[in-house]
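Hi there,

Here is the structure I promised to pass on. My notes on it follow just below.

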Amino acid sequence: MKKEEKKIEDKKIEKADDKVVKPAKITEFEEKIIEIKRVSKKIKGGNTIGFAVLVVVGDRDGRVGYGYGKALNVADAIGKAVSSAKKNTYSVKLAGKTISHQVDAKVGASKVLLKPAPEGTGVIAGGSVRVVLELAGIRDISSKVLGSNNKLLNVRCTLKALEKLKK
């Protein structure tokens with residue numbers, strides 16, 4: 001098969017009546033690792049060392065999720081976290097490139113405040129909140145994290161705030 005024919009087959013599918021139909025959009029998530037922690041546990045023969053990974057996935061079009069995976073090596077922990085994140089996704093109600101109104105949420109000791117911003121402002125957020133907002137597809141927003149600096153709590157708190165949004 002020639003390269004040109006292969007390109008044509010990838011881009012469009014032709015039906016018998018010569019109408020060109022594009023394939024359905026596949027929602028593939030982008031993955032970002034927020035934290036990799038080395039954890040240890042005391043057992044009878046000494047210490048067992050493992051890894052805990054926090055991952056956020058999103059399609060930059062209103063869907064975002066997070067996952068937390070633990071395993072004896074990093075690769076398995078990342079795989080578990082990504083699998084968990086894809087099962088645990090949320091839909092975010094966007095108003096263009098920003099959110100429709102100010103919203104805040106509290107999870108544990110962490111509190112997150114999200115405010116809509118004018119076009120061209122960009123994402124004004126720190127740490128794990130920035131990753132969640134970017135993967136959700138929000139381009140203009142201002143935020144503040146109060147209380148805890150625990151990355152897992154901040155991710156959960158940000159998602160809880162995004163769930164509270166009304167269109």
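**Around Asp140**

The side chain of Asp140 reaches the backbone nitrogen of Thr121 at 3.3 Å, and one of its polar atoms lies 3.3 Å from the backbone nitrogen of Gly120. This is a predicted model, where local features need pLDDT of at least 70, side-chain atom pairs count only at pLDDT 80 or more, and totals for chains, interfaces and linings use all residues. Residues are numbered from 1 along each chain as its sequence is written, and side-chain values use heavy atoms, leaving out hydrogens and water.

Asp140 sits in the loop between α3 (127-136) and β10 (141-147); helices (H or I, at least four residues) and strands (E, at least two) are DSSP runs, numbered from the N terminus. Asp140 is buried but has no salt bridge, and Lys97, the nearest side chain of opposite charge, is 5.8 Å away. Here buried means under 20% relative accessible area (1.4 Å probe, protein chains only), and a salt bridge puts a side-chain nitrogen of Lys or Arg within 4 Å of a carboxyl oxygen of Asp or Glu.

**The sheet**

Four strands make an open antiparallel sheet in the order β3-β4-β5-β6, where pairing takes at least two DSSP bridges between two strands. β3 (30-43) and β6 (89-91) are the edges, each with a single partner strand, so one side of each has no neighbour in the sheet. Between β3 and β4 (residues 46-58) there are 13 bridges; in one of them, Ile36 has Val53 of β4 as its bridge partner.

Best wishes

How values were computed: Buried < 20%, exposed > 50% of the residue type's maximum accessible area, 1.4 Å probe, protein only. Lys, Arg positive; Asp, Glu negative; His and termini not counted. Polar contact = N/O pair within 3.5 Å; in protein donor to acceptor, adjacent residues only side chain to side chain.
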